[in-house]
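Please work through the exercises below with the sequence and the three-dimensional model at hand. Each task is followed by a solution in steps.

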Amino acid sequence: MAQATFHFPRGFLWGCGTSSHQVEGRNTNNNWWAWEAQPGRILHGDKSGMACDWWNGRWREDFDRAAEGNQNAHRFSLEWSRIQPAPDRWDEHALDRYREMARGLIERNMTPLVTLHHFTDPVWLGEKGGWENEAVVDDFVRYTRKVVEALREYVTYWMTLNEPNLLALQGYLLGEWPPGKTDLGAALRVYTNLARAHAAAYHAIHEIQKEARVGIGLHVRPLLPAHPASPFDRWAAGMQSSMLNEFLPRAFQNGVLRFPGWFRRLPEAKGTQDYLGINYYTLDLVSFKLSKASELFGDRFYPPDAELSETGLSANLPKGLFDSLKWGMKFGVPIIITENGVEDSKDVLRPRYLVQHLHQVWRAVNFNFPVKGYFHWSLVDNFEWERGWTQRFGLWELDVATQKRSKRPSADLYAEICKENGISSEMVARFAPEIFDQMFPG
Ligand code: FCB
């Protein structure tokens with residue numbers, strides 16, 4: 001049997017990602033809580049409810065699990081609606097609790113990466129027009145200043161916005177998330193305000209904390225023409241990709257928001273990313289459809305022979321991660337994989353998915369791509385937005401009713417990878433023997 005280890009660079013960040021609404025429980029003062037109460041919005045009428053009960057203190061036991069699993073970093077998010085329950089009111093107790101969490105990571109020798117906005121908005125923000133109203137930029141900066149002052153003692157890695165590209169599309173073009181709009185004009189307004197909010201927050205954070213590292217977590221999804229020979233498919237794929245993938249990191253590089261047939265200068269956004277956070281799950285093929293104007297003239301689907309996850313949410317296409325990292329290089333900043341994972345309640349695909357994707361990351365670092373860390377989504381099963389509790393992304397399984405956690409084999413595999421700072425043939429033989437020959441030929 002071939003024996004080898006794929007080593008990662010010294011100091012590589014190994015962790016998991018989580019977000020406030022998905023794990024804390026009872027976030028009653030945000031737009032998602034209200035959305036969940038509307039019939040038909042969430043699969044099976046599921047509700048976030050107590051989620052993983054972090055707000056009552058279970059973050060401690062879950063951080064212990066991560067630390068015992070040799071993770072040296074963790075990405076979590078702050079809930080704006082808790083910290084600023086009303087436009088003129090700050091909740092210092094909520095801030096204290098987040099300080100405790102950040103300190104809790106430091107005490108466990110883990111580096112915190114803190115997200116300021118992960119999809120949820122305070123109800124009061126929505127009442128003012130949310131991300132469609134330019135006033136959101138000032139509101140976001142006030143909130144940013146408040147939290148950075150409070151947490152700067154423990155945190156240097158900040159993510160202003162999680163997947164702003166998905167937020168604009170899902171909430172304003174496809175209508176699947178609050179506020180449920182299907183309006184391209186609104187989506188562009190929101191995109192612009194998200195970009196401006198990021199840029200303004202970037203400058204505010206650096207004013208307070210020179211050594212801060214600030215970026216966004218971008219949902220990166222390679223979009224490839226279904227028939228590469230078809231100019232129509234290539235056009236539709238390119239158009240969708242420019243909107244989904246390119247729009248924001250380009251603007252943060254050169255200060256121009258550009259979409260085919262539309263552009264806007266945003267000089268204050270130029271040079272506002274210290275790292276690019278890439279959230280990669282899967283890729284899509286695109287075929288041109290004239291009738292799908294509202295969806296940017298394309299049908300999207302997985303390659304017909306691809307292996308699908310448990311409920312078909314994503315296709316296991318690890319090379320897409322390598323291609324996304326390569327694509328991300330053009331923005332000229334270090335890259336952190338801020339999300340990657342698969343829904344798999346029985347943990348039959350996850351060990352293989354993990355090894356195959358990390359192998360692609362290893363390839364990238366060996367080409368000297370500046371990849372600094374990897375955050376698996378997620379530590380414990382959590383509330384998956386419009387898909388409710390139907391999709392299980394955790395290294396640990398959660399029984400939502402009893403809050404009992406049970407370890408999946410992937411948690412042990414990931415613990416070994418984090419400890420070794422690499423993937424050994426011996427690990428693959430034990431956890432994913434079915435891909436051994438593919439990983440270690442000869
Ligand atoms: C990403 C989200 C994250 C989680 C994963 C599965 O789009 O950022 O909150 O839901 O998908």
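The model is predicted, so local features need pLDDT of at least 70 and side-chain atom pairs count only at pLDDT 80 or more, while totals for chains, interfaces and linings use all residues. Residues are numbered from 1 along each chain as its sequence is written, and side-chain values use heavy atoms, with hydrogens and water left out.

**Exercise 1. Determine which residues surround the ligand and to which classes they belong.**

Step 1. The ligand is surrounded by 13 residues, the closest being Q22, H118, E163, E339 and E384.

Step 2. Sorted by class, this shell holds six nonpolar, three polar and four charged residues. Here Ala, Val, Leu, Ile, Met, Phe, Trp, Tyr, Cys and Pro count as nonpolar, Asp, Glu, Lys and Arg as charged, and the others, Gly among them, as polar.

**Exercise 2. Is N340 buried or exposed, and which side chain does its own side chain contact?**

Step 1. N340 belongs to the loop between strand 13 (335-339) and helix 12 (350-366); helices (H or I, at least four residues) and strands (E, at least two) are DSSP runs, numbered from the N terminus.

Step 2. N340 is buried because its relative accessible area is 0%; buried means under 20%, exposed over 50%, and partly exposed in between (1.4 Å probe, protein chains only).

Step 3. The N340 side chain makes a polar contact of 2.7 Å with the side chain of Y374. Such a contact is a pair of N or O atoms within 3.5 Å; within protein, one must be able to donate a hydrogen and the other to accept it, and residues adjacent in sequence count only if both atoms are side-chain atoms.

**Exercise 3. Where is A201, and how far is its C-alpha atom from that of R142?**

Step 1. A201 is part of helix 9 (residues 184-208). With 0% relative accessibility, A201 counts as buried.

Step 2. A201 and R142 are 59 residues apart along the chain, and their C-alpha atoms are separated by 8.7 Å.

Note on methods:
Near = heavy atom within 4 Å.
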